[in-house]
Amino acid sequence: MKESDIDPRFYNSETRKPFESCLVCSTLLQESGNDYFVERIFRRVPNLGVTEAIFEYGMCMQCAEQMRKELSEESREKVEGYFEQRLAERSHAASEPSMEVCLLTGTPIGDSIEFSYHGHCRGDRMIHSIFPYAVSDVAMEEISALLSDETIDQLDDFKGKYFTGPPEYADLLNPKRLIPL
Ligand SMILES: [Zn+2]
């Protein structure tokens with residue numbers, strides 16, 4: 001499998017370095033050499049011409065799998081079905097995944113007010129498969145509509161437990177965005 005150094009777009013915006021520890025269990029990601037995921041959720045403020053990361057984290061594979069397992073089966077199946085359908089529709093698109101367009105809709109990420117980056121890393125390396133990819137606000141909205149009330153409550157709890165950023169960002173962060181993708 002193709003791998004590379006970790007793309008700076010997947011760095012922690014505070015340290016400007018790769019994420020050091022798992023959000024949930026605090027295991028050291030670089031030192032462990034194990035697989036983990038990085039997710040960063042951004043918001044663009046067009047008037048100011050800035051893009052801010054409103055929530056970002058590294059999560060070890062065990063914690064990511066645990067989080068998936070805890071979600072309601074109904075929501076999980078719907079989201080997986082949505083992914084499969086969208087990817088099948090887009091299979092004619094350029095085979096190299098690109099961070100510049102939404103993986104699911106093919107629209108330019110530059111057109112999104114909100115978007116997210118998803119990466120798969122191992123220690124200090126980045127793994128290239130369907131990862132890394134970007135998801136637009138249009139796809140996020142479509143995914144949000146598939147979630148059960150139970151799942152939304154779970155994601156709200158997750159936000160309450162792990163979001164430690166400034167309160168103004170907490171207000172901006174829709175818990176539905178935290179569905180693991
Ligand atoms: Zn963990």
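Predicted model: local features only at pLDDT ≥ 70, side-chain atom pairs only at ≥ 80, totals over all residues.
In β7, the residue that pairs with Cys121 across a bridge is Met126.

**Strands and their partners**

Strands β6 and β7 run antiparallel and are joined by two bridges. The two strands form a hairpin with two residues between them, and in the turn Gly123 has a positive phi of about 55°. Strand β7 also has a partner in β1, which covers residues 2-5; these two strands run antiparallel as well, and four bridges join them. Within that pair, Asp5 stands opposite Arg125 in β7.

A further antiparallel pair is made by β4 and β5, which are linked over ten bridges. Here Phe42 has Ala53 of β5 opposite to it. The hairpin formed by β4 and β5 has four residues between the strands, and Gly49, which lies in its turn, has a positive phi of about 65°.

**The nonpolar core**

Which residues touch the most other members of the largest nonpolar core? Of its 38 residues, they are Cys22, Tyr36, Met59, Cys60, Cys102, Ala134 and Val135. Two or more residues are given to this core by each of β4 (35-45), β5 (50-60), α2, β6 (114-122), β8 (133-136) and α4 (137-144). In soluble globular proteins, nonpolar side chains tend to be buried together.

When residues up to four places away in sequence are left out, Ala134 touches Met99, Cys102, Leu103, Ile109, Phe115, Ser116 and Tyr117.

Helix α5 consists of 14 residues, 149-162, and at 1.5 Å a residue it should span 20 Å, which agrees with its end C-alpha atoms being 20 Å apart. In this helix, Thr151, Gln154 and Leu155 are buried. What covers the buried residues of the helix includes α2 (61-70) and α3 (73-89).

The peptide bond from Phe131 to Pro132 is cis, with omega near -10°, and Pro132 is found in the loop between β7 (125-128) and β8.

Arg16 and Ser26 each have a positive phi in a residue other than glycine, and the table sets out their values.

| Residue | Phi | C-beta atoms within 10 Å |
|---|---|---|
| Arg16 | near 55° | 8 other C-beta atoms |
| Ser26 | near 65° | 11 C-beta neighbours |

Where in the chain does Arg16 have its place? Arg16 is in the loop between β2 (11-12) and β3 (17-18), while Ser26 is found in the loop between β3 and α1 (29-32). Is Arg16 buried or exposed? A residue is counted as exposed if 12 or fewer other C-beta atoms lie within 10 Å of its own, and Arg16, with 8 other C-beta atoms within 10 Å, is therefore exposed. By the cut-off of 12 or fewer, Ser26, with 11 C-beta neighbours inside 10 Å, counts as exposed too.

Technical notes:
Residues numbered from 1 in each chain as written. Expected span 1.5 Å × (residues − 1). Buried ≥ 20, exposed ≤ 12 C-beta atoms within 10 Å, placed from the backbone. Contact = placed C-beta atoms within 7 Å. Core = buried A, V, L, I, M, F, W, Y, C linked by C-beta atoms within 7 Å. Pairing = 2+ DSSP bridges.
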